[in-house]
Amino acid sequence: MTKLVVSKFGGSAVGVDGVLIPTIIKRINELKKDSKVIAVFSAPLTVYNGKQRSLTDIALEIGRNAEKGERTDIMAVKKPYQKIVEMVDKKLQDKCNATINSFLDKVESVLSEIIQKREFANENRARLLAYSGEILMSHVMNYVIQSSEIKSNVIPFDTWPIITDNNLESANFLARESAERLGDTEKLLEQNDVLSIGGFIGKTVDGLETTYERGGSDRTAADLGILFSKKYDTRIDFEKDSAVLSADPRVVKEELESITSLSYNEARIAGMFGMKILDPIAIKEIVENGVDMPIIITDMGKPEKITKIERSPGQKNGHPLKIVTGKKNCAIVRIEKESAERLFNSLDKDRRYSEFVVLSPFTRDDIEFTRILFLDGDYVKRNERYILGFDSLASITYNRGVITLIGDEMWRVQQVASKASSRIGEAGLNILNMDAQEETSRIIIVTEDSGDNIEKAIRAVHAERSKIKFV
């Protein structure tokens with residue numbers, strides 16, 4: 001079976017105005033030695049008003065201004081592509097510039113429509129983001145790849161393989177419909193060594209542009225892996241500035257350990273609770289579609305350093321407490337059990353929202369209540385009326401944060417929960433709730449989200465990790 005690697009290069013991998021693209025080309029050359037390659041690109045970073053920004057954020061700002069009737073110069077959008085064109089072979093530069101101008105003409109057209117309708121939402125939002133960012137970036141990168149004498153092509157939107165539902169701003173992948181339309185992309189892959197495609201963007205059955213939630217380029221890579229896994233020996237490769245560590249290096253500076261192996265379950269939980277590994281929905285989609293393929297997190301600068309994510313890792317050695325992480329700006333909803341079941345059903349079917357976990361229940365006045373930890377307090381604030389509509393007596397508590405210990409094999413660590421909670425207490429923090437369940441491979445400790453409480457707690461627990469003895 002022919003090997004295929006779906007490799008995702010995010011904005012940080014591309015660098016400001018494409019400064020890291022030579023490293024990307026080097027990586028693609030290495031990957032294609034033994035595999036076909038589909039390279040998934042995010043929008044680049046650039047400097048805007050003196051600050052490093054994602055082009056997606058700039059496009060969103062321009063769109064919101066247009067909604068107010070203000071026309072914004074799109075030179076900020078064009079600037080990073082002008083820099084990247086300098087890396088294109090001179091024979092291809094005219095074609096590349098023509099492609100850039102063609103897409104930016106579409107951006108101008110969309111902005112005119114937004115100004116006219118005073119509405120920046122749905123298909124206009126998706127078109128603005130697609131034509132200024134990911135899709136345009138994939139076309140430009142194809143010229144760069146071809147300039148390195150690599151046989152490559154770009155997947156055009158006309159034959160886009162990622163088909164989604166009609167939820168235009170937070171779309172959901174439709175595997176069956178996507179598989180039915182995969183033929184043109186398969187032929188393109190057969191004819192080339194490398195294909196480039198924009199992440200984050202989908203297409204409805206009727207041809208409308210859609211977007212995933214932010215971070216959706218991870219999902220694009222996962223979805224392509226799902227689609228090609230039956231015909232190719234497929235793996236997914238996420239190129240980052242480091243492989244996975246035992247904590248976020250922005251929070252913990254000492255005694256960090258490289259994590260060489262994770263299960264799907266461990267990686268999904270870590271992503272939910274703040275680790276920038278990959279979008280947990282990407283793993284959820286892989287599991288739901290019954291696919292078992294390796295996911296590799298690669299340190300792009302030192303590609304020998306990797307973390308391998310598998311459904312069921314073969315090796316069980318290493319520290320069973322894999323990761324200590326945390327999440328700020330959470331909220332806890334306490335709701336009667338039967339009402340909670342109706343809320344869960346609606347969140348799944350109507351909202352397609354899953355950024356929450358169910359904590360241990362409690363009983364009051366012979367009524368059983370469910371505790372729901374929402375990992376985005378702002379989502380709860382925006383949807384208070386919707387949530388309370390299921391139970392008017394439900395209560396919501398904001399300004400909560402969580403510290404999460406992750407590891408499928410944590411049951412091998414004696415007194416891990418008590419040792420972790422003890423360290424948090426020694427750091428002067430009050431534990432409001434603790435949820436430890438062997439079956440879920442995680443221990444959640446809830447505390448107040450105030451100042452640097454969560455960071456202090458993560459550092460305290462991680463310091464204890466190196467002292468823990470296990471059998």
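1. Basis. The model is predicted, so local features need pLDDT of at least 70, side-chain atom pairs count only at pLDDT 80 or more, and totals for chains, interfaces and linings use all residues. Residues are numbered from 1 along each chain as its sequence is written, and side-chain values use heavy atoms, with hydrogens and water left out. Helices (H or I, at least four residues) and strands (E, at least two) are DSSP runs, numbered from the N terminus.

2. H4 with H6. Helix H4 covers residues 75-85 and helix H6 residues 122-147; their axes come within 11 Å and cross at roughly 10°. Axes here are lines fitted to C-alpha atoms, for helices over the stretch in contact, and angles run from 0 to 180 degrees between N-to-C directions. The crossing makes H4 roughly parallel to H6. H4 brings Val77, Tyr81 and Ile84 to the contact, and H6 brings Ser132, Gly133, Leu136, Met137, Val140 and Val144. Contact means heavy atoms within 4.5 Å. By class, this H4 contact with H6 has seven nonpolar, two polar and no charged residues. Ala, Val, Leu, Ile, Met, Phe, Trp, Tyr, Cys and Pro count as nonpolar, Asp, Glu, Lys and Arg as charged, and the others, Gly among them, as polar.

3. H3 with H5. The axes of H3 and H5 are 7 Å apart, at an angle of about 40°. That makes H3 oblique to H5. Ile62, Gly63, Ala66 and Glu67 of H3 meet Leu111, Ile114 and Ile115 of H5. The H3 contact with H5 has five nonpolar, one polar and one charged residues.

4. Asn65. Asn65 sits in helix H3, residues 55-67. Its relative accessibility is 17%, so Asn65 counts as buried. The cut-offs: buried means under 20% relative accessible area, exposed over 50%, partly exposed in between (1.4 Å probe, protein chains only). Neighbours within four places in sequence aside, Asn65 is in contact with Glu70 and Thr72.

5. Met75 lies in helix H4. With 40% relative accessibility, Met75 counts as partly exposed. From Met75 to Leu104 is 29 residues in sequence and 9.7 Å in space, C-alpha to C-alpha. Lys106 belongs to helix H5, residues 90-117. Lys106 is partly exposed too, at 36% relative accessibility. Lys106 and Lys79 are 27 residues apart in sequence, with 17 Å between their C-alpha atoms.

6. Helix H11. In H11, residues 280-288, the buried residues are Pro280, Ala282, Ile283, Glu285 and Ile286. They pack against helix H9 (216-228), strand E9 (233-240), helix H10 (264-272) and strand E11 (295-299). Asp279 caps the N-terminal end of H11, with a side-chain oxygen 2.8 Å from the backbone nitrogen of Ile281. Such a polar contact is a pair of N or O atoms within 3.5 Å; within protein, one must be able to donate a hydrogen and the other to accept it, and residues adjacent in sequence count only if both atoms are side-chain atoms. Just after H11, Gly290 has a positive phi of about 65°.

7. Ser339. Ser339 is part of helix H12, residues 337-349. It is buried, at 6% relative accessibility. A polar atom of the Ser339 side chain lies 3.1 Å from the backbone oxygen of Phe390. Leaving aside neighbours within four places in sequence, Ser339 is in contact with Phe390 and Asp391.

8. Positive phi. Most residues other than glycine have a negative phi. Asp17 has a phi near 55°. Asp17 lies in the loop between helix H1 (11-14) and helix H2 (21-31), and is buried at 13% relative accessibility. Phe200, also not a glycine, has a positive phi of about 80°. Phe200 is in the loop between strand E6 (194-198) and strand E7 (201-203). Phe200 is buried, with 4% relative accessibility. Both phi values deserve a look in the model.

9. Cysteines. The count of disulfides is zero, where a disulfide is a pair of cysteine sulfur atoms within 2.5 Å. Cys96 is buried at 0% relative accessibility. Cys330 is buried, with 0% relative accessibility.

Terms used:
Parallel < 35°, antiparallel > 145°, perpendicular 65-115°, else oblique.
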